[in-house]
Amino acid sequence: MLHTGVNSQLLSGTSAMRGAARLRARMAEQRLVHIMSAHSPLSAILAEEAGFDGVWASGFELSALYGLPDVSLISMAQHLDMVRAMVEQSSLPIVADIDTGFGNAINVIHAVRQYERAGVAAVVIEDKAFPKVTSLIADGRQELVRMEEFTGKVRAAVATRSDPDFLVIARTEALIAGSGEAEALRRAAAYEKAGADMILIHSKQKTPDEVESFVRAWDGNAPIVIVPTTYPQMNEPRIRASGKIGMVIYGNHAIRAAVTAMKEVFARIRADGGIHHIDRDIASVEEIFRLQKMDVVKRDEGRFLM
Ligand code: SPV
Ligand code: MG
């Protein structure tokens, strides 16, 4: 079950502790938090400026950033490196997508230690077999690990965290794998019993029906997390009406926005035969300086360059 009390002792601790405590406090206050995907520190900064409650360090987005499919090709070290850079630049709590936990429960122990130390607020671990296949692909090979094996991973994650506010979110891919609602509910209940703070139920249906039916049937105490990429009709009022969803993750909108913008601008530069028209329609160089905090560099130059 999700405890929402913030351990005040932790507020003076590391940024890991602060992020986790802040995320719990925000959930207690608002009942529903909005988490935006990011694949870089810059996208995390933009998510923060836009007013999101947290950042989803998405495996799909980082894979795409490297021009790779999201099929366990990106290593933990690559993902962790990016997560650390995000933590450096954004004060938003980070919800880290650690896929299958990079192996078995022993790998999960190592991963949770590393991600907690890196300063993330939460990890999401999914019950697919390693190497996994991206969830939203049509006719994907979606293989689940045995429920018992995954409960071992959840228990390992919970036993490893040192900050009690650090959230362990168990994600079941039972609906994605076509195993049906009864199996999804059976797994979700087992994962909650194993200590998961929240349950992420993923679906690739084009309507919210499947997820709404799961939510209605869910009688656990752990709040639900959804990723409504394929069923965008599930907007905030509809999510709140469910009464059981505590977190919504906008799973891949940073990378899709970046692709849309770059495609359009690159095409216009080619069509215009130069950059003379596009200049007024894209972020100014000064805006990039602002995001890079060049003002701080200038201030420090004045203070320290003698
Ligand atoms: C991700 O963003 O990496 C996710 C969400 O896991 S999804 O791609 O929809 O599976
Ligand atoms: Mg992922």
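**Exercise 1. Decide whether Glu 212 in this predicted model is buried or exposed, and find its side-chain partner.**

Step 1. Locate the residue. Glu 212 lies in helix H8, which covers residues 209-217.

Step 2. Read the accessibility. Glu 212 has a relative accessibility of 17%.

Step 3. Apply the cut-off. Buried means under 20%. Glu 212 therefore counts as buried.

Step 4. Look for a partner. The side chain of Glu 212 makes a polar contact of 2.9 Å with the side chain of Arg 238.

**Exercise 2. Describe strand S6 and the strands that pair with it.**

Step 1. Sort the side chains. S6 spans residues 198-201. Met 198 and Leu 200 point one way, while Ile 199 and Ile 201 point the other way. All of them are buried.

Step 2. Take the pairing with S5, residues 167-172. Four bridges join S5 to S6, and the two strands run parallel. In this pairing, Ala 170 has Ile 199 as its bridge partner.

Step 3. Follow the chain from S5 to S6. The path passes through helix H7, residues 181-193. This β-α-β crossover is right-handed.

Step 4. Take the pairing with S7, residues 224-226. Two bridges join S6 to S7, again in parallel. Leu 200 stands opposite Val 225 in S7.

Step 5. Follow the chain onward. S6, helix H8 and S7 form a right-handed β-α-β unit. Glu 212 from the opening exercise sits in this H8.

**Exercise 3. Find which helices line the largest pocket, and classify its lining.**

Step 1. Note the volume. The largest pocket holds about 440 Å³ of space.

Step 2. Find the centre. The lining has 17 residues, and those nearest the centre are Leu 42, Ala 261, Met 262, Ala 283 and Ile 288.

Step 3. Assign the helices. H2 (41-49), H10 (253-272) and H11 (285-291) each supply at least two lining residues. H10 gives the largest share, with seven residues.

Step 4. Classify. The lining has 13 nonpolar, three polar and one charged residues.

**Exercise 4. Describe the largest cavity, then examine Ser 72 in its lining.**

Step 1. Note the volume. The largest cavity holds about 80 Å³ of space.

Step 2. Classify the lining. Five residues are nonpolar, four are polar and three are charged. Among them are Asp 70, Ser 72, His 79 and Phe 102.

Step 3. Ser 72 has a relative accessible area of 17%, so it is buried.

Step 4. Check the backbone. Ser 72 has a positive phi of about 65°, although it is not a glycine. Most residues other than glycine have a negative phi.

**Exercise 5. Examine the backbone at Lys 293 and at Pro 131.**

Step 1. Start with Lys 293. Its place is in the loop between H11 and helix H12 (294-304).

Step 2. Lys 293 has a positive phi of about 60° and is not a glycine.

Step 3. At 36% relative accessibility, Lys 293 counts as partly exposed.

Step 4. Turn to Pro 131. This residue is in the loop between strand S4 (122-126) and helix H6 (147-160).

Step 5. Read omega. The peptide bond between Phe 130 and Pro 131 is cis, with omega about -5°. Most peptide bonds are trans.

How values were computed
Residues numbered from 1 in each chain as written. Chains lettered and ligands numbered in written order. Predicted model: local features only at pLDDT ≥ 70, side-chain atom pairs only at ≥ 80, totals over all residues. Heavy atoms only, no water. 1 Å grid on protein atoms, 1.4 Å probe; cavity = no way out; pocket = protein on both sides within 12 Å on 5 of 7 lines; lining within 4 Å. Points joined across faces, edges and corners; volume = space filled by probe spheres on them. Nonpolar A, V, L, I, M, F, W, Y, C, P; charged D, E, K, R; others polar. Buried < 20%, exposed > 50% of the residue type's maximum accessible area, 1.4 Å probe, protein only. Pairing = 2+ DSSP bridges. Right-handed = clockwise from strand over helix to strand, strands pointing away. Polar contact = N/O pair within 3.5 Å; in protein donor to acceptor, adjacent residues only side chain to side chain.
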